[in-house]
Amino acid sequence: MNPQDQIRLELLTANMQNIKKEFPWQNVNVTRLAALLYALEGKEAPAEAIRNSYNMLKENTSRFSMFRNMAAIAISSMLSLHGDQETQLQRTLSVYEQLKQDGFKASEYLVIAAYEIAANTAPNQHIHTIERMKAFYEGMKQHHRFLTNRDDYIFAAMLGLSDIDPVVGVERMEQLHLSLKPEFRNSNSLQSLTQVLVLGGENRDTLDRLLLLRELLKDRDLRMDKQYTLSSLGVLALLPADPKVMIDDIAEVYAYLHEQKGFTRWSLNKEQRLLYTAALVASRNIDEARQDVLTSNLTTNITNIIIAQQTAMIAAVTAGAAASSSASG
C-alpha cells in the first residue's frame, strides 16, 4: 500500500474513535465524516478543540437552527480546523442569512454552502459569490427542473467560487449531461458528475478515462457508477495518475478499511465505504500532482471538488439521518 494512504487510513480510524468517545450520542455517520476531514489534512482530531467549536456553535445559534442539527459535529470539526474559529463562524452565519434572503431554502446543504463561501472569500466578495452561485443554480434548474434541488446548493456554491462564467459553465454541464446520459441515465448523480467535471476543467481525455475507470472498478467488484459515488468517479477521472495504478490503490485502501472498526460491513454499506476510499486516494494524488504536471489552477479546482465531496457527504448523511429520525418519531 502507498505509505501516505496508510498514514491517512490510520488517522481516519483513530480520529473516528477519538471523536466518537468525545461525542458518544452523536450520529456515527457524522462522526466518521468529521474524522475524514482531519485525516485528509494529515492531522489527528483533537477532541477538545472540536468540543470548543461545538460549544461556540451552540452559543451563537438558536435551538432550532439548521446549525444545531445532526450536522453540528461536522461543522464544528470544520471550524476547529480554521485559524480564527469565531470570525469564521460569524461570517458563515452572515452568508447563510444572505443566501436565505436571496431565495435559497434553509437546509443542511445551505449551511455547508455558506461555510464554503465564508471560508474561501473575503467579506466584500460574499454578495458577488452568492450572485454567481444563484446564476449557476438557476441555470441548472432551467435545464433540469426536477433534478435540481437543495442537494445542488453545495456544488452551486463551489461553482460560484470558481472563475468559470455561469453561462458557459451551465451550457457545458448540459453538453456533458447529454453526452453521458446513455451511459449513466438521467439522474441526480449524473448532474453531480457534470458539476464535478466542469469544476475540474475536464478535457477531451477525461471522458475516456471516466469510462475506463468505471470498467476497471467493475472488474474488481468495486462499482462507483452508483447514486452517491458517481461524482467521486468523476474526481478520479480528472486526476493524471495511471488508471490501473489508481485502481490498485483503491482496492488496497478499500480492503484495509473493510477490516477496521467502524468501517466493516456491519457499520456502513459498500457505497459509503467507497466514498471514503475514493476521497483518500484522490486527496493523496492531488498532493502528488502539486509537484508534477497539473497547473496550479486545475489543482486548486480539484482540491475544491474534494472539499465539496466531503461536505456533500456530510449533508447527505445528516439529512438522511434526520429524515429517518423524523419518520421513526
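The legends below describe close-up views of a predicted model. Local features need pLDDT of at least 70 and side-chain atom pairs count only at pLDDT 80 or more, while totals for chains, interfaces and linings use all residues. Residues are numbered from 1 along each chain as its sequence is written, and side-chain values use heavy atoms, with hydrogens and water left out.

**View A. Packing of helix H5 on helix H7.** Arg91, Val95, Gln98 and Leu99 of H5 meet His126, Ile127, Ile130 and Met133 of H7, where contact means heavy atoms within 4.5 Å.

**View B. The ring pair of phenylalanine 23 and tyrosine 54.** These two residues form an edge-to-face aromatic pair, 5.4 Å centre to centre with 70° between the planes (ring centres within 6.5 Å, planes over 60 degrees apart). Phenylalanine 23 lies in the loop between helix H1 (3–22) and helix H2 (28–40) and tyrosine 54 in helix H3 (residues 47–59), so the pair ties together parts that are 31 residues apart in sequence. Phenylalanine 23 is buried at 4% relative accessibility (under 20% relative accessible area, 1.4 Å probe, protein chains only), and tyrosine 54 is likewise buried, at 14%.

**View C. The ring pair of phenylalanine 104 and tyrosine 153.** This aromatic pair is edge-to-face, 5.1 Å centre to centre with 90° between the planes. Phenylalanine 104 is buried, with a relative accessible area of 5%, and tyrosine 153 counts as buried at 2%. Ring pairs link Phe104, Tyr137 and Tyr153 into a cluster.

Key
Helix = DSSP H or I, 4+ residues; strand = E, 2+ residues; numbered from the N terminus. Phe/Tyr/Trp six-rings, centres within 6.5 Å; stacked < 30°, edge-to-face > 60°. Buried < 20%, exposed > 50% of the residue type's maximum accessible area, 1.4 Å probe, protein only.
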